[in-house]
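Here is a short briefing on one protein chain. Have the sequence and the model open side by side.

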Amino acid sequence: MLSSRFRYLPDHFSLSSNQAVRLDMRGEPENKRHRVSMALFADLDNNGRRDILLAMTHLDEEDRLQPLVLRNEGNTDGIPQFSAPPLDKLAFYCTMPTADFDRDGRMDVFMATWHDTLDNYLFRNVTDGGNYLTVSVEGNGENYNLMGIGAVIRLYETGHVNEDDHLLGRGDVVIGQGYSSGDEARVHFGLGYVESCDVAVSWQEAEIIKEKVKVNRHLTLKPED
Ligand SMILES: [Ca+2]
Ligand SMILES: [Ca+2]
């Protein structure tokens, strides 16, 4: 998305742990209806569990504007539990794509708008979190597109590539998810305490495997690798 006005906030955002609740995806906490134009899953604290980002803002205890993130608190009886959303000082925002703008391994949030009365904000993620790996796939521009779009990337515990019981994460290379927003053609994985892993890529007829990959870096793979 193109934006004519842009503000980089010195007051960053970080996730805090709240009491876990089951998320009502209809967006009706305590019977208050809030309009949500988009929701994204992204691991914003790099603990290996994807959190929910809603295209809404709220004001924190110091009345600072913050993106609305529901932290993934883990599973109970197989059902993901998320931190409780704030129930007041909420506001609609147009769209909130994520990307690691400063390349520190943490996904940042761009609050974007096309309304004259609202500003655009880029929030730098300063949440204390775990390890990460980002992966992109490069094609030759002929039978494989240059950006790797469509490739499926899976991470496994080291020594257990393609073993489902040892799957750490899966991500698809896409460039358009959410409302009026786009994505970089790379996949971000939060990995918690994991320090190395095996990477497997499935892309059309190509299968790429890279073993014993050290984390906290960006990895680029090609079908001929
Ligand atoms: Ca997380
Ligand atoms: Ca970042």
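How many bridges join strand β12 to β18? Five do, and β12 (residues 131-137) and β18 run parallel. This is a predicted model: local features need pLDDT of at least 70, side-chain atom pairs count only at pLDDT 80 or more, and totals for chains, interfaces and linings use all residues. Residues are numbered from 1 along each chain as its sequence is written, and chains are lettered from A and ligands numbered from 1 in the order in which they are written.

**Overall make-up**
- The protein chain has zero helices and 18 strands. Both are DSSP runs numbered from the N terminus: helices are H or I, at least four residues, and strands are E, at least two.
- Of its 225 residues, 32% are buried. Buried means 20 or more other C-beta atoms within 10 Å of the residue's own, exposed means 12 or fewer, and partly exposed is in between; C-beta atoms are placed from the backbone.

**The sheet with β12**
- Three strands form an open, mixed sheet in the order β15-β12-β18. Strands pair if DSSP finds at least two bridges between them.
- β15 (187-192) and β18 (217-221) are the edge strands, each pairing on one side only.
- Thr134 has His218 in β18 as its bridge partner.

**Positive phi outside glycine**
- Asp77 is not a glycine, yet its phi is positive, about 55°. Asp77 sits in the loop between β6 (72-76) and β7 (79-83). Asp77 is exposed, with 5 other C-beta atoms within 10 Å.
- Lys212, also not a glycine, has a positive phi near 50°. Lys212 lies in strand β17 (residues 206-214). Lys212 counts as exposed, with 11 C-beta neighbours inside 10 Å.
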